[in-house]
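Me: I would like to learn how to read a few features of a protein model. Could we go through them one at a time?

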Amino acid sequence: MHFNYYFLKSLSKSLQENLIGKTLATCFSQNKDELVLIFENEDTQFIIKATFDNVISFLTFPKDFNRARKNSVDLFDEIKGHSVKKIIQYENERSISLTFDNNFKLLLKLHGRRANICLFENEQFHSMFKNSFVNDRDIILDKVHRTIDQSKEACLSSKFNLKTLFPTFDNYCYAYLSEHDFVERNDSDKLKLLEQLLDQLNSGHYVILEKEDGHPYLSLLNEPDLNFEFRSPDPIEACNLLASQYFHSYLLKKEKSQLIFNIDKDIDKGNSYIEKSKHKLQLII
């Protein structure tokens with residue numbers, strides 16, 4: 001849920017507070033799945049690290065970052081040395097753009113495993129980070145906004161067609177509605193339940209929980225009965241801790257379990273070979 005539209009709305013506000021007026025000092029990549037953008041003004045520095053791979057994608061905001069001396073390449077030279085004028089959160093869309101003072105926009109398309117960063121000049125596609133996503137060349141910026149009538153009247157007239165009304169709802173939202181018997185309720189109760197869900201999604205409080213396999217995830221929903229690792233109103237802090245939990249805890253445990261499994265498998269093979277050899281030896285004797 002960390003790239004959920006409702007979370008990104010809050011993240012956009014934090015980016016606005018931290019980026020407006022700052023200049024992009026450098027932008028580089030040290031591997032095919034990582035892009036680092038460093039913004040500066042006279043007093044402070046703000047870093048965005050995008051980690052986009054084919055399993056999961058994260059935005060993190062480290063306090064500092066040491067660039068490798070080798071195997072790094074500069075990207076998006078056209079906006080280096082230019083300042084951020086505006087942050088745009090696209091309506092009902094998991095995308096944010098940074099508007100620079102030279103008619104360029106940097107689009108953060110945060111679509112899970114298909115996340116990408118694209119540069120536009122005068123609203124026209126210019127270049128992108130993940131070149132494998134060829135369809136991103138066809139993005140038209142002024143059509144990224146999705147204006148949807150989500151009024152009570154629209155809900156009633158559409159007979160609560162949530163896929164159309166709220167394309168921003170993810171599986172966690174639908175699970176919440178299902179747990180509260182949304183389908184079985186009358187229209188008045190459905191409206192109240194939707195209002196309650198939207199209030200939670202827009203509350204600005206974030207909790208990091210774990211799935212049964214230990215995989216951490218960010219929740220915007222009020223789940224008081226669950227043990228949580230972290231609760232905060234700060235979306236930047238939430239992004240950083242979620243990534244830390246994933247890479248430094250979950251993946252480490254997962255890799256350790258796999259190594260132990262492989263070692264145990266080798267031990268079983270060795271023991272089996274020993275037993276077979278003993279049996280053959282007894283036959284010879």
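Reply: Start with a pair of strands. Helices (H or I, at least four residues) and strands (E, at least two) are DSSP runs, numbered from the N terminus, and two strands pair if DSSP finds at least two bridges between them. Here β11 (residues 206-210) and β13 pair in the antiparallel sense over three bridges. Opposite Phe230 in β13 stands Ile208.

Me: What should I know about the model itself?

Reply: This is a predicted model, in which local features need pLDDT of at least 70 and side-chain atom pairs count only at pLDDT 80 or more, while totals for chains, interfaces and linings use all residues. Residues are numbered from 1 along each chain as its sequence is written, and side-chain values use heavy atoms, with hydrogens and water left out.

Me: In what order do the three strands form the open sheet?

Reply: Strands of a sheet pair through backbone hydrogen bonds, either parallel or antiparallel. In this sheet the order is β12-β11-β13, with antiparallel pairing. β12 (216-219) and β13 (230-232) are at the edges with a single partner strand each, so one side of each is left without a neighbour in the sheet.

Me: How many aromatic pairs does the structure hold?

Reply: Rings of Phe, Tyr and Trp (its six-membered ring) pair if their centres lie within 6.5 Å; planes under 30 degrees apart count as stacked, over 60 as edge-to-face and the rest as tilted. The structure has 14 aromatic pairs. In one of them, the ring centres of Phe160 and Phe182 are 5.9 Å apart and the planes are at 80 degrees, so the pair is edge-to-face. Phe160 lies in the loop between α2 (152-157) and α3 (162-165), and Phe182 in the loop between α4 (171-179) and α5 (187-201), so the pair ties together parts 22 residues apart in sequence.

Me: Is Phe160 buried or exposed?

Reply: Buried means under 20% relative accessible area, exposed over 50%, partly exposed in between (1.4 Å probe, protein chains only). Phe160 has 9% and is buried; Phe182, at 7%, is buried too.

Me: Which kind of pair do Phe166 and Phe169 make?

Reply: Their ring centres are 4.7 Å apart with planes at 5 degrees, so the pair is stacked. Phe166 and Phe169 are both buried.
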